[in-house]
Amino acid sequence: MSKKVEEVEVSREDQDCINTFGKLNIRFHELEAQIKNYNTELDNLESSMDEVLILDDVLYKIADSFLAVDAELAEQLIEQKTEKLKKEKEEKKEEINKIEEEMNKLKKTLYKKFGNQINLEN
């Protein structure tokens, strides 16, 4: 026994919603990757801070160059970088939350009209 699937006409507004969802989904995954990179960099900075605590002089990397600094300055630079990354990470998380809210609204609207004829899951 085969089920007959009733086709639903896709309006211009529906297509715009689908396109918006797709763009938001791409941005969502970009932000997730960025947050993962922030976590890795924050872990590396934490490890660096541990190393700085046992050294007197440190080579601090700035862009493609290394600068010899004392441990105290290295600590300050690492702390500044850590705070900056934490702030940026939080901003990305806030953006993800806003995107998720918008995506959920679009999902609700599109699933209401198209039911199982559309797949909006990752």
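## Basis

Helices (H or I, at least four residues) and strands (E, at least two) are DSSP runs, numbered from the N terminus. The model is predicted: local features need pLDDT of at least 70, side-chain atom pairs count only at pLDDT 80 or more, and totals for chains, interfaces and linings use all residues. Residues are numbered from 1 along each chain as its sequence is written, and side-chain values use heavy atoms, with hydrogens and water left out.

## Fold and dimensions

The protein has two helices and two strands. Their order along the sequence is α-β-β-α.

The radius of gyration, taken over C-alpha atoms, is 24 Å, while a compact globule of 122 residues would have one near 14 Å. That globule rule is 2.2 Å times the number of residues to the power 0.38. Along the principal axes, the C-alpha atoms fill a box of roughly 75 × 30 × 25 Å. Of the 122 residues, 26% are buried (under 20% relative accessible area, 1.4 Å probe, protein chains only).

## Surface patches

Like charges are joined within 9 Å, nonpolar side chains (Val, Leu, Ile, Met, Phe, Trp, Tyr) within 5 Å.

E32, E100, E101 and E102 gather in a negative surface patch. Helix α2 (residues 71-114) gives the largest share, three residues. E100 lies in that helix, α2. E100 is partly exposed at 34% relative accessible area (between 20% and 50%).

L53, I54 and L55 form a nonpolar surface patch with about 320 Å² of accessible area together (Shrake-Rupley method, 1.4 Å probe). L53 sits in the loop between α1 (12-52) and β1 (57-62). L53 counts as exposed (over 50%) because its relative accessibility is 55%.

Notes: Patches are made of residues with over 30% relative accessible area and no salt bridge: like charges are joined within 9 Å, nonpolar side chains (Val, Leu, Ile, Met, Phe, Trp, Tyr) within 5 Å. A salt bridge is a side-chain nitrogen of Lys or Arg within 4 Å of a carboxyl oxygen of Asp or Glu. Lys and Arg count as positive and Asp and Glu as negative; His and the chain ends are not counted. The place of a charge is taken as NZ of Lys, CZ of Arg, CG of Asp or CD of Glu.
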